[in-house]
Amino acid sequence: MPHSQTSVPRGSVRLARGASPWLLPTVATAALSLVRARRSKRAATLAVPATALAAGMLWFFRDPEREITQGRVISPADGVVQSIMPWKDGRTRVAIFMSPLNVHVNRAPLAGTVTSVEHIPGGFVPAFNKESENNERVVWHFDTELGDIEMVQIAGAVARRIVPYVPQGTKLEQGERIGLIRFGSRVDIYLPEGVDVAVEVGQTTTAGVTRIDRD
């Protein structure tokens, strides 16, 4: 069943599902070094970078609540529009680059049903490079009021793990969380033929908030 977008107060922040393999060891190390810092100068020296790294991990894996924008197609990712490219079949691909400073949780661009979730092995070239087309990725297809919508989560040089949250057959609300890409990466969405793009290259997008299409 779809998760309610209003179950948690707007403006609150939680940690992303799938963050624990990275987050727990980092926080545990920082906590242990802080405890030992009282009795050892060496431990005190190690406590500073350990605590800074733990704080960075908490920031990287934040998952803020959002008031979902009304519109046909909304951004699935926080980031910057890297390219807008017409496709041979009439669709338009909008590529959004996510830096390590962005929220890494991706959201459903439209309401609909997940018809397929396909993991494709590949490399880990930086996501802003053209060669990243062959990177590790997860290809999503949604059955929506606009027909089939394709979205691709692409791993980058650091983001070597994509964590889907929902399986094939799941019915989604627009803006519902669907997965996590750890650290920097890219998300591509393919707009159907006849749907005009409302964003521009270089524009900043916010998942669940920025509208991608134009009436």
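Predicted model: local features only at pLDDT ≥ 70, side-chain atom pairs only at ≥ 80, totals over all residues.
Residues are numbered from 1 along each chain as its sequence is written, and side-chain values use heavy atoms, with hydrogens and water left out.

The protein chain contains 2 helices and 15 strands; helices (H or I, at least four residues) and strands (E, at least two) are DSSP runs numbered from the N terminus. Of its 215 residues, 47% are buried, a term that denotes under 20% relative accessible area with a 1.4 Å probe, protein chains only. Contacts are defined by heavy atoms within 4.5 Å. Among contacts between residues at least 6 apart in sequence, 70% join residues at least 24 apart.

An open sheet is formed by 8 strands in the order β10-β6-β7-β8-β12-β4-β3-β14, with antiparallel pairing. Two strands are taken to pair if DSSP finds at least two bridges between them. Strands β10 and β14 stand at the edges, each with a single partner strand, so one side of each has no neighbour in the sheet. Strand β6 (residues 112–120) pairs with β10 (residues 171–172) over 2 bridges and with β7 (residues 137–144) over 7 bridges, both in the antiparallel sense. Threonine 113 stands opposite lysine 171 in β10, and its bridge partner in β7 is aspartate 143.

The largest nonpolar core has 33 residues; such a core is a set of buried Ala, Val, Leu, Ile, Met, Phe, Trp, Tyr and Cys residues joined through side-chain atoms within 4.5 Å. The residues with the most contacts inside this core are Val94, Trp140, Phe142, Val166, Leu172, Ile178 and Leu191. At least two core residues are supplied by each of β4 (92–98), β7, β8 (147–155), β9 (162–164), β11 (177–181) and β12 (185–191). When residues up to four places away in sequence are not counted, isoleucine 178 touches several residues, including Trp140, Phe142, Met151, Val166 and Leu172.

Glycine 208 lies in the loop between β14 (204–205) and β15 (213–214). Glycine 208 is buried, with a relative accessible area of 0%. Apart from neighbours within four places in sequence, glycine 208 is in contact with Glu67, Ile68, Thr69, Ile74, Ser75 and Arg107. The C-alpha atoms of glycine 208 and glutamate 65 are separated by 9.7 Å, although these residues are 143 residues apart along the chain.

Conventions:
Buried < 20%, exposed > 50% of the residue type's maximum accessible area, 1.4 Å probe, protein only.
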